[in-house]
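Please keep the sequence and the structure in view while reading.

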Amino acid sequence: MKNWNWLVFGLMIIGFSSCISQKQITYFQGPPTDSTAIVQEITNRYVPIIQINDLLGINVTSLNPEASSFFNPYAGIEQRMNLNSFQGQVPVTSAVGYLVDAEGNVQLPLVGKIKIAGLTSTGARDLIQEKLKKYLKEPTVAVRFLNFKVSVLGEVSRPSMFSVPNEQMTLTEALSLAGDITIYGRRDNVMIIRETNGKREFGRVNMNQRDLFKSPFYYLHPNDVIYVEPGKARLAYADRFYTILPSVIGALSFIAVILRNY
């Protein structure tokens with residue numbers, strides 16, 4: 001009986017997916033070319049800027065490790081939480097660190113408030129390092145974003161939220177982490193929802209075309225939401241499945257009765 005169920009279900013899947021063309025599911029399409037490589041200039045690489053309410057990891061080292069530890073109150077907690085917490089294959093960042101306040105400042109022990117909103121992590125590193133020279137000998141500072149996350153929803157294999165540990169993630173990387181778009185997802189109209197300066201943007205990207213690499217939405221920003229909408233094949237599959245299901249169940253029941261009698 002189980003074999004019959006799987007056989008009918010497999011035939012239904014093959015029938016419904018046959019209406020999807022290769023052109024609809026092939027990524028990065030472009031004009032026919034010979035074996036010569038095509039080169040595109042990378043011009044829109046994204047560098048995140050520190051904003052109000054960002055959560056930052058700030059790690060301080062110097063020639064005196066004991067003195068440096070005074071400026072790393074969250075280090076031990078963060079390491080333990082990151083060790084025990086995972087989401088997919090991407091570590092879930094701990095909820096401890098230096099919060100950028102409403103005035104764009106972080107407050108370090110002894111140093112006090114330092115205004116870093118509007119700077120990159122590199123700019124903030126240099127500023128904090130300069131401030132610490134008053135207290136430490138040859139200080140070295142590392143600054144990273146702890147709240148850089150993106151969400152992937154819709155017709156993907158593993159919808160989820162993913163942490164970005166290296167301050168940069170592309171649309172293709174995020175979709176790869178989510179297990180790629182399913183056979184039923186629309187690759188020609190992927191939506192990216194982005195909040196910038198108090199406004200919400202809705203961008204569209206066509207994954208079938210190579211022009212996606214030039215899109216301002218190819219490099220993701222913190223808290224971007226990627227939504228892959230279902231295509232007509234998914235809707236047709238759902239409609240046909242629920243329409244045909246009673247007939248399939250009836251046929252299987254009839255076959256089961258015949259097999260039982262023989």
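Which residues lie nearest the centre of the largest pocket? In this predicted model, they are Gln-51, Asp-54, Glu-195, Pro-222 and Asn-223, which belong to a lining of 18 residues.

## The largest pocket

The volume of the largest pocket is about 410 Å³.

## The five-stranded sheet

Strand E10 also belongs to an open sheet of five strands with mixed pairing, in the order E9-E8-E12-E10-E11. At the edges stand E9 (160–163) and E11 (199–205); each has a single partner strand, so one side of each is left without a neighbour in the sheet. From one strand to the next, the twist averages 20 degrees.

Within this sheet, E10 pairs with strand E12 (residues 225–228) in the antiparallel sense, over three bridges. Ile-193 stands opposite Val-225 of E12.

## The three-stranded sheet

Another open sheet has three strands in the order E4-E1-E7, and its pairing is antiparallel. Strands E4 (98–99) and E7 (140–145) are at the edges, and one side of each lacks a neighbour in the sheet because each has a single partner strand.

Strand E1 (residues 55–61) and E7 run antiparallel and are joined by six bridges. Ile-58 has Val-143 in E7 as its bridge partner. Helix H5 (residues 121–132) packs on the sheet and touches both E1 and E7. The direction of H5 makes about 145 degrees with that of E7.

Notes
Residues are numbered from 1 along each chain as its sequence is written. This is a predicted model: local features need pLDDT of at least 70, side-chain atom pairs count only at pLDDT 80 or more; totals for chains, interfaces and linings use all residues. Side-chain values use heavy atoms; hydrogens and water are left out. On a 1 Å grid over the protein atoms alone, a cavity is a set of points where a 1.4 Å probe fits but cannot get out, and a pocket is an open set with protein on both sides within 12 Å along at least five of seven lines; lining residues have an atom within 4 Å of a point. Grid points are joined across faces, edges and corners, and a volume is the space filled by probe spheres set on the points. Two strands pair if DSSP finds at least two bridges between them. Helices (H or I, at least four residues) and strands (E, at least two) are DSSP runs, numbered from the N terminus. Axes are lines fitted to C-alpha atoms, for helices over the stretch in contact, and angles run from 0 to 180 degrees between N-to-C directions. Contact means heavy atoms within 4.5 Å.
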